[in-house]
Amino acid sequence: MEKTCRLITTRQCNRHCWYCCNNQEHIETAWKDVMLDDVTGKYELYILTGGEPLMMSQFDRTLHVVDSIWEKYYNDEHAICPQIVIYTSICSLRLPEIMPKIHGITYSVHYNWDAHDLSMFKRFQTYAEFYDEHSFRLNIDNTLQTELPLNTSVWTRIQSFEPLNPCPIPEGEDLCRLVEIF
Ligand code: SF4
């Protein structure tokens with residue numbers, strides 16, 4: 001039984017960071033294409049990532065992935081009890097629909113943030129205060145030039161990252177990319 005599945009639910013994202021893994025050739029060979037049925041019920045931890053899993057056009061798809069993981073767990077006695085974490089860099093207004101079904105969010109701050117992103121980041125921190133049982137991790141691009149309105153009490157962990165191209169490949173995890181479209 002594998003422990004962690006890092007699952008790209010979508011490659012769509014509207015930020016176009018210069019260091020985005022989605023455009024890098026070595027990622028193509030490191031990640032395997034899967035259908036949802038290939039991964040549900042098999043992992044202790046699902047890290048749902050992208051692309052941007054919570055952007056408006058992709059939200060239903062991500063919700064479907066989360067629901068499918070739980071459906072497998074409740075309907076298959078051999079399925080492992082999952083933890084689900086979502087990687088995002090936006091504060092979706094639909095968060096209340098998905099928060100009760102997941103265990104945490106890792107929020108990434110990128111160098112190309114504008115005033116709207118900062119405003120939504122503040123909103124996210126306010127929102128996160130209502131979910132003290134969830135884990136909230138913050139990753140900050142160390143080339144960010146803007147001052148961040150940071151509320152440190154919200155975050156379980158805060159760390160900076162150095163943008164790299166090619167980007168590093170995560171180790172010790174199954175790296176999967178969802179090809180199933182609905
Ligand atoms: S926010 Fe993430 S997924 Fe989107 S372009 Fe930047 S690195 Fe890629």
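**Notes on the model**

1. Let me start with the ligand. Its surroundings are formed by Cys13, Arg15, His16, Cys17, Cys20, Asn22, Gly50, Gly51, Glu52, Ser89 and His110 (near means a C-beta atom, placed from the backbone, within 6 Å). By class, this shell holds six polar, three nonpolar and two charged residues, with Cys counted as nonpolar and Gly as polar.

2. A word on the basis. This is a predicted model, in which local features need pLDDT of at least 70 and side-chain atom pairs count only at pLDDT 80 or more, while totals for chains, interfaces and linings use all residues. Numbering runs from 1 along each chain as its sequence is written.

3. On the fold, the chain has eight strands and five helices (DSSP runs of E, at least two residues, and of H or I, at least four). Their order along the sequence is β-α-β-α-β-α-β-α-β-α-β-β-β.

4. The C-alpha trace spans about 50 × 40 × 30 Å along its principal axes. Of the 182 residues, 26% are buried, that is, have 20 or more other C-beta atoms within 10 Å of their own C-beta.

5. Leaving aside residues up to four places away in sequence, Tyr46 touches Cys5, Leu7, Ile69, Pro82 and Ile84 (contact: C-beta atoms within 7 Å).

Technical notes:
Two residues are in contact if their C-beta atoms, placed from the backbone, lie within 7 Å. A residue is buried if 20 or more other C-beta atoms lie within 10 Å of its own, exposed if 12 or fewer, and partly exposed in between; C-beta atoms are placed from the backbone.
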